[in-house]
Amino acid sequence: MRTCDIVIIGGGPAGLAAAISAKENGIDDVLILERDKELGGILNQCIHNGFGLHTFKEELTGPEYASRFIAKTEELKIPYKLQTMVLDITADKIVTAMNKEEGLFQIQAKAVILAMGCRERSRGALNIPGYRPAGVYSAGTAQRLVNMEGFLPGREVVILGSGDIGLIMARRMTLEGAKVKVVAELMPYSGGLKRNIVQCLDDFGIPLKLSYTVVDIKGRERVEGITLAQVDGANKPIPGTEEFYSCDTLLLSVGLIPENELSRGMGVEISPITNGPVVNESLETNIEGVFACGNVLHVHDLVDYVSEEAKAAGKNAAAYVKHISKKEGTIIQVVPNDGVRYTVPSTICVVNMSEELIVRFRVGAVYRNAFISVYYDNERVIHRKRLVMAPGEMEEVKLKKEQLEQYPDIQKIMFQIEEK
């Protein structure tokens, strides 16, 4: 069995940024394991622009953004194995993987960075009645077919779900000559970025129907049409509100799930809200020396934030391998409250945090002219007004170590949304 200082699971934007950061922080023995035939992850099929505005201060396509990190990886001579499937990771960081060149092999790692990304929620999770005809695709599958395989899945399209991939595919299918008849969303608000609603739907005259869902799919061999119905406050279809749309394709953009089967197998604690690992201020899981970053941790809306988070994970993993000892200190619980669904991280030890720590979270509803408030125990220390907050856009607050050190007895930091 060979040994390695840091093994990174996944060669997408998170894995690449983490590897580069670990190398730049003094760890030479870094290895990336990627199951696809090339590095770059999901970015390879995201040929639209809008990437890199924070990281590079310019607008790039997905492949362009990925290529910059791949080029840096090559420049630093960071080794990677492609078409390599990781089968298991043990709690003592033995990674079992296989590929067709080496067969089954094991690596004893000093630290592991989980960067496996996320997957799409399937039709099976939706309980839509009807047969199983051809023409029902997840939005990400359709994106790959159009952008990488050169195959147009259909000509008349209905999209269920207004997540960013669904919105982007509404525009993409339109540009390829298909007719997108409607985008339906179960919730009373869109799950995507506001800019995507404007650029992908409004600019092309595609209607968005909120509080609607698909209640029937017509067709045996191929989709012939779907029926939408309005839903009530409990998300149950309201009788008499049904609308039929003839179409040959239904795209599903109904949520992303962090890919954490390996994490669960090794005993990593998983948050029931994010479906990702519970981490501390160093992005370290409950298993010492195992770190997580990117969409495997929680679903991001911007890849720039993925890279930023992964950079921190790589730096912290490097410190762990170099035995930069963690100091003993009080563990502060980070608690999401009224209107805040979750926070990353979930705990903070002030003596081990960097000078500035970014806490990211999502709200549970749409808020207008409301405040993000942060409490140190019962004292409100941050009260910031936001014109609009929505579940589709991630929020962040920066906590300063210098300020936290002035509260030595603090036990919890609470995040909540307040109307005034």
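# Exercises on a predicted model

## Exercise 1

Solution. 
- Step 1. Residues under 20% relative accessible area are called buried, and those over 50% exposed, with partly exposed in between.
- Step 2. Elsewhere, salt bridges with shared partners connect R35, R119, E259 and E261 into one network.

## Exercise 2

State how many salt bridges the structure holds, and describe the one between E58 and R68.

Solution. 
- Step 1. The structure holds 19 salt bridges.
- Step 2. In the bridge between E58 and R68, the closest N and O atoms are 2.9 Å apart.
- Step 3. E58 belongs to the loop between β2 (30–33) and α2 (62–75), while R68 belongs to helix α2; the pair therefore ties together parts 10 residues apart in sequence.
- Step 4. E58 is partly exposed, at 34% relative accessible area. R68 is partly exposed, at 34% relative accessibility.
- Step 5. Side chains of opposite charge can pair when their charged atoms come close.

## Exercise 3

Explain which parts of the chain the salt bridge between R360 and E396 ties together.

Solution. 
- Step 1. The side chains of R360 and E396 meet at 3.4 Å, N to O.
- Step 2. R360 is in strand β21 (residues 356–363) and E396 in strand β24 (residues 395–400), so the bridge ties together parts 36 residues apart in sequence.
- Step 3. R360, at 4% relative accessibility, is buried, and E396, at 23% relative accessible area, is partly exposed.

## Exercise 4

Classify the aromatic pair of F56 and Y65, and describe the surroundings of F56.

Solution. 
- Step 1. A search of the whole structure finds six aromatic pairs.
- Step 2. The ring centres of F56 and Y65 are 5.5 Å apart and the planes stand at 70°, so the pair is edge-to-face. The cut-off for this class is over 60 degrees.
- Step 3. F56 is partly exposed at 28% relative accessibility, whereas Y65 is buried at 0% relative accessible area.
- Step 4. F56, Y65 and F69 make up one aromatic cluster.
- Step 5. R68 lies over the face of F56, at 4.9 Å from the ring centre. This is the R68 that forms a salt bridge with E58.

## Exercise 5

Describe the aromatic pair of F291 and Y320, and say where its two residues lie.

Solution. 
- Step 1. The pair of F291 and Y320 is edge-to-face, with 6.3 Å centre to centre and 70° between the planes.
- Step 2. F291 lies in strand β17 (residues 290–292) and Y320 in helix α7 (residues 303–321), 29 residues apart; the pair links distant parts of the chain.
- Step 3. F291 is buried at 2% relative accessibility, and Y320 is partly exposed at 24% relative accessible area.

## Exercise 6

State where S253 lies and which residues S253 touches, leaving out those up to four places away in sequence.

Solution. 
- Step 1. S253 is in the loop between β15 (249–252) and β16 (256–258), and is buried, with a relative accessible area of 10%.
- Step 2. S253 and A139 are 114 residues apart in sequence, yet 5.4 Å apart in space, C-alpha to C-alpha.
- Step 3. Not counting residues up to four places away in sequence, S253 touches A139, L160, G161, S162, G163, I165 and G166.

Notes: Residues are numbered from 1 along each chain as its sequence is written. This is a predicted model: local features need pLDDT of at least 70, side-chain atom pairs count only at pLDDT 80 or more; totals for chains, interfaces and linings use all residues. Side-chain values use heavy atoms; hydrogens and water are left out. Rings of Phe, Tyr and Trp (its six-membered ring) pair if their centres lie within 6.5 Å; planes under 30 degrees apart count as stacked, over 60 as edge-to-face and the rest as tilted. Buried means under 20% relative accessible area, exposed over 50%, partly exposed in between (1.4 Å probe, protein chains only). A charge sits over a ring if NZ of Lys or CZ of Arg is within 6 Å of the ring centre and within 35 degrees of the ring normal. Contact means heavy atoms within 4.5 Å. A salt bridge is a side-chain nitrogen of Lys or Arg within 4 Å of a carboxyl oxygen of Asp or Glu.
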